[in-house]
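Good morning, colleagues, and thank you for making time for this presentation. Please turn to the structure on the screen while I take you through several of its regions.

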Amino acid sequence: MLLKLSARFLKPYAGLLVAVVVLQLIATLTGLLVPTLNARVIDEGVTRGDIGAIWRYGLIMLGVSVIQVICMILAVRFGAMAAMGFGRDVRSKLFGHVLSFSSREFNRFGAPSLITRNTNDVQQLQMLVVMTATIVVAAPLTMVGGVIMALREDPGLTILLVVVVPLLAVIMVLLVSRVGPLFRLMQTRIDTLNRVLREQITGIRVVRAFTREEHESQRFDKANAELTATALGVGRYMALIFPVVTLIMNASSVAVVWFGGQRIASGDLQVGQLMAFLVYLTQILMSVMMASFMLVIVPRAAVSADRIGEVLETVSSVAPPSKDVRPASAGGWVAFEGVSFTYPGADASVLEGVDLVAEPGRTTAIIGSTGAGKTTLLNLIPRLFDATDGRVLVDGFDVRDFPLEELWARIGLVPQQPYLFSGSVASNLRYGNPDATDDELWEALRVAQAEDFVRAMEGGLDAEIAQGGTNISGGQRQRLSIARALVKRPEIYLFDDSFSALDVATDARLRAALKPVTAESTMIVVAQRVATIRHADRIIVLENGQIVGRGRHDDLLATCPTYAEIVDSQLSIEEATA
């Protein structure tokens, strides 16, 4: 998967990567010339007292060094540009693909894991590209070139390289092989920490309400300790790398000086050549070490690539239409024909054999006990899920034949748990219609019974809304969510228990104000409270995923025991609050 992602997303940056290779090649070759030139300065200039040779070789060294520095700067810059562009493209593709998921895929991965994959995992791939551009190209060139240049200086000492280089390589591979499995565990534990932290921040009110701070602190400490333990395990192995490399380099240097000194005494080697050989030995060992670092980075990047690839290769259960259906008229007719739905892995159906028609200009209400399938039924219309059996029709066409944007453009959904985005009141209301004027926003707020509290907020339409709408009450969030749907002016309104946080009086005023606005639209309301739907044109009663009654309020009282039971259970409460 790592190779597959690299080939796919690095293709647009092939030119930059070629430039990096060329620049690294030039930088490496110039770097390999410097020790030889330094040896010439010593052997032909210093030892012989030839000032001209010192200046000549010194200026050449300076020019070579300037070329090396320039090439290295450009190589790092181009490599960083390729890596950042690569990361941007992967994040964009990953985010866009996640947006195509249905609720089934979201539930499978979970929000914390998807966040980690789009941030931390992408960063691991970016790091791999950067390190590849700066190390993988230079390290082999330096190692091979260093060996060749060392042979030129003194073939007799190169026997040390035959011993030292394989020894360092074996030790590095042994250390790195222990690190690889820990990286996969680390990414999983980052997911766990993100999940716990996200739950605690989102549910802070519940935590405080039930005085569970100590329990939640223990949960966080456990997840944090597990991640820390894994990171320390990685760190312990990583901490061994530099001492081992330093030990081998120092021991090698001592050996070179020992044997080199003997060769100088015998007249087979000059001082400058010995110094050049020492530099080449250091360059070779450093290149082996840097190449070994790639063995640390690659396993972690491979784990991240697998996690990213798992998301990208997941096909949404809400498949794109095989044919492009665009009805000439947008009336808003909704029909269910023998619709059944079963959640993945569930033994029983949530919905079974549902037949239902909702017409424009009429309000269709759905009521039933908790778990009866009301919300599931509503979610099938905008294709948050697809029906297991049967068909859901909009304006006479199966919703699975609509382009998703075309389908969603016809629907205004107010979910059971209203969610507002960080920004202003206006930015949230314009979410469904970016071109809405301020007058249209105020009109939607008036209908949603939200005008008074918005005018009372500092800034009015420009008043700040925190992420999730946490700086306003639940009832205010519901009314702003309703106003957001009204601004869109869709053909189909879907209200999923959207009046539950409102008092009875506000609920009644809101429903009265909605009538003229939605007079030509299809309105489907899911509710728990009888008072909210008792005046609906048609009431659908669900029980265990099946329709057990349909009709108006008075008719259902006489013909549907389930509805009568619901009314009886709420009657005293409604009378008490009337």
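This is a predicted model: local features need pLDDT of at least 70, side-chain atom pairs count only at pLDDT 80 or more; totals for chains, interfaces and linings use all residues.

I shall begin with strand E3, residues 363-368, which is largely enclosed by the rest of the structure because five of its six residues are buried.

Which strands pair with E3 in the parallel sense? One is strand E10, residues 522-526, joined to E3 over four bridges. Within that pairing, Ala365 stands opposite Val525 in E10. Strand E11, residues 538-543, also runs parallel to E3, and five bridges join the two. Here Ile366 has Ile540 of E11 as its bridge partner.

Four strands form an open sheet, in the order E2-E1-E4-E5, with antiparallel pairing. At its edges are strand E2, 351-358, and strand E5, 397-398, each of which pairs on one side only. Strand E4, residues 389-394, is joined to E5 by two bridges in the antiparallel sense. Leu393 is the residue that stands opposite Asp398 in E5.

Val399 is located in the loop between E5 and helix H13, 404-409. Is Val399 buried or exposed? Its relative accessibility is 3%, and since the cut-off for buried is under 20%, Val399 counts as buried. Setting aside residues up to four places away in sequence, Val399 touches Leu380, Ile381, Arg383, Val392, Val394 and Leu407. Val399 and Asp386 are separated by 13 residues in sequence, and their C-alpha atoms are 8.9 Å apart in space.

In soluble globular proteins, nonpolar side chains tend to be buried together. The largest nonpolar core in this model has 49 residues, of which Leu480 and Tyr563 touch the most other members. Helix H17, residues 474-488, contributes the largest share of this core, namely six residues. Apart from this core lies another, of 29 residues, including Leu356, Leu378, Leu494 and Ile540.

What does Leu480 touch, not counting residues up to four places away in sequence? Leu480 touches Leu420, Val425, Leu429, Leu445, Ala450, Phe453, Val454, Ile465 and Ile472.

With a relative accessible area of 19%, His97 is classed as buried, because the cut-off is under 20%. Leaving aside neighbours within four places in sequence, His97 is in contact with Val311, Leu312 and Thr314. To which backbone oxygen does a polar atom of the His97 side chain lie at 3.2 Å? That oxygen belongs to Val311.

E3 is largely enclosed, with five of its six residues buried. Leu480 and Tyr563 touch the most other members of the largest nonpolar core. Thank you for your attention.

Conventions
Residues are numbered from 1 along each chain as its sequence is written. Side-chain values use heavy atoms; hydrogens and water are left out. Buried means under 20% relative accessible area, exposed over 50%, partly exposed in between (1.4 Å probe, protein chains only). A polar contact is a pair of N or O atoms within 3.5 Å; within protein, one must be able to donate a hydrogen and the other to accept it, and residues adjacent in sequence count only if both atoms are side-chain atoms. Contact means heavy atoms within 4.5 Å. A nonpolar core is a set of buried Ala, Val, Leu, Ile, Met, Phe, Trp, Tyr and Cys residues joined through side-chain atoms within 4.5 Å. Two strands pair if DSSP finds at least two bridges between them.
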